[in-house]
Amino acid sequence: MKKKKRIALVAHDNRKKDMMEWVAYNWNELAQHSLVGTGTTGKLVEETIKQKCVENDAVPPEVTRLKSGPLGGDQQLGSMICEGLIDMVIFFWDPMQPQPHDVDVKALLRISVLYNIPTASNRSTADFLISSELFHKEYKPRIKDYSGYITRSIDME
């Protein structure tokens with residue numbers, strides 16, 4: 001994980017306002033990294049951080065926008081994690097509202113754990129991540145060795 005990180009920002013509809021408040025509050029820290037967002041969240045993050053950067057005469061960060069979560073954005077993000085293209089996930093999810101793509105959300109969270117990606121699912125955890133002394137430093141996460149799983153023999157009889 002390099003000093004400049006690629007941070008995924010995702011929020012369910014009932015948490016988008018919380019995410020935009022968090023982004024507006026932490027714009028200066030986030031502006032030093034590359035951001036990735038799914039669907040409407042990506043659009044709102046891009047607008048929010050650009051506005052804060054313009055107000056403060058700063059250069060806005062690159063924001064990559066993926067598809068909406070229910071339209072495959074969660075899977076796109078999971079693929080990026082598998083390819084080593086995401087360093088951190090901030091996902092404000094709504095535990096009280098059923099989602100049409102709950103299985104995709106579960107798969108995304110599973111992949112972030114599998115690849116040992118720092119993941120925040122609420123504002124408090126996101127605050128701890130962004131305020132960590134490791135946030136702006138290079139970091140080498142330990143990745144579990146799954147070669148035994150990959151090379152296991154399968155009995156086909």
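The model is predicted, so local features need pLDDT of at least 70 and side-chain atom pairs count only at pLDDT 80 or more, whereas totals for chains, interfaces and linings use all residues. Residues are numbered from 1 along each chain as its sequence is written, and side-chain values use heavy atoms, with hydrogens and water left out.

**Aspartate 94**

- Aspartate 94 sits in the loop between β4 (88-92) and α5 (102-114), where helices (H or I, at least four residues) and strands (E, at least two) are DSSP runs numbered from the N terminus.
- Aspartate 94 counts as buried because its relative accessibility is 5%, the term buried meaning under 20% relative accessible area (1.4 Å probe, protein chains only).
- The side chains of aspartate 94 and asparagine 14 are joined by a polar contact of 2.8 Å, that is, a pair of N or O atoms within 3.5 Å, of which, within protein, one must be able to donate a hydrogen and the other to accept it, while residues adjacent in sequence count only if both atoms are side-chain atoms.
- The aspartate 94 side chain also reaches the backbone nitrogen of methionine 96 at 3.0 Å.

Terms used
Buried < 20%, exposed > 50% of the residue type's maximum accessible area, 1.4 Å probe, protein only.
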